[in-house]
Amino acid sequence: MDNSIFLPDIPLSDFETTQNYAYLRLRNALMVGAISPGIAITIQDISESLEVSATPVREALRQLCSENALQSLKNRRIMVPVMTPARLEELISLRCALEMYAAKRALPYINNMEIDNLERIDNQLDQAQSEENWSEMVLLNQRFHSGLYVANPNQVVMPMIESIWLQLGPFMGVAAKYQQEFYIVDHHKEAIAALRQNDPVILESAIEADIRDGVGQLNPEKLQSILLERQTK
């Protein structure tokens, strides 16, 4: 099993506290799938990686446990939760409900410039897939979806959506490399077409299909096979 902890760099303000810096780096790594399900995380490893003391790392880990992104075990070990078929289905169903709502609510506000930007992001995602850059794929997919939803100036749903992305992130990093097996239709392009036609029905359908075909089509047997393969390497 690959037990490495990789924390991608992210832009940070000069005024960022050490605790928030540790939290944001860990959160980003989990959300883009840079850390796999089942990995044990130690304060020492993270402290050494970020070159910070143990206290801000401990607080960052505690915060991520409260957000269900990490799991605190009885023996005080902290690990990335292992994805199960039942948990995956719950998260996917919740993603669909929240994001179909967010897309429909954003439709009256989105303009052609923003739609053009979504198209550019989707093209970048296609390039990342061709290069087998899995973490970049996850990041760009999230950027595409959030770019649509925040077009609604009154939206309050993004923190809830990001909470689901955070819990799905480690699994998405594993599943991304298998997407070509079951993600046949580019539903982002369907969503872009629906935005240009101002069609809420097609837009909602494209968002749901994108989420379910992107990872939700994995049946329990395939899911267990993928996780077992990853966890035994």
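D116 and R196 make a salt bridge, with their closest N and O atoms 2.8 Å apart. This pair ties together distant parts of the chain: D116 sits in helix α5 (residues 112-130) and R196 in helix α8 (residues 187-197), 80 residues apart. Keep in mind that you're looking at a predicted model.

In general, side chains of opposite charge can pair when their charged atoms come close. The count here comes to eleven salt bridges. Another of them joins D186 to K189, at 2.7 Å from N to O. D186 is partly exposed at 21% relative accessibility, and K189 is partly exposed at 40%. These two residues belong to a network of salt bridges that also takes in D122 and D126.

Now look at E208 and R212, whose closest N and O atoms are 3.5 Å apart in a salt bridge. Why might these two be well placed to meet? Because they are four residues apart in helix α9 (residues 200-216), E208 and R212 are separated by about one helical turn. An α-helix has 3.6 residues a turn, so residues three or four places apart point the same way. Both ends of the pair are partly exposed, E208 at 29% and R212 at 23%.

Next, the inside. Nonpolar side chains in soluble globular proteins tend to be buried together. In this model the largest nonpolar core has 67 residues, and L70, L148, Y149, L203 and I207 have the most contacts inside it. Take L148: leaving out residues up to four places away in sequence, L148 touches A103, A106, I110, L118, L195, L203 and I207.

L148 and Y149 are also among the buried residues of helix α6, along with M137, V138, L140 and F144, to name some others. The helix runs over residues 134-149, 16 residues in total, and reaches 23 Å from its first C-alpha to its last, close to the 22 Å expected at 1.5 Å a residue.

Last comes the sheet. Strands of a sheet pair through backbone hydrogen bonds, either parallel or antiparallel. Here an open sheet of three strands runs in the order β1-β3-β2, with antiparallel pairing. Its edge strands are β1 (40-41) and β2 (71-72), each pairing on one side only. β2 pairs with β3 (residues 78-79) over two bridges, and the bridge partner of S72 is I78 in β3.

Technical notes
Residues numbered from 1 in each chain as written. Predicted model: local features only at pLDDT ≥ 70, side-chain atom pairs only at ≥ 80, totals over all residues. Heavy atoms only, no water. Core = buried A, V, L, I, M, F, W, Y, C linked by side-chain atoms within 4.5 Å. Buried < 20%, exposed > 50% of the residue type's maximum accessible area, 1.4 Å probe, protein only. Contact = heavy atoms within 4.5 Å. Expected span 1.5 Å × (residues − 1). Pairing = 2+ DSSP bridges. Salt bridge = Lys/Arg side-chain N within 4 Å of Asp/Glu carboxyl O.
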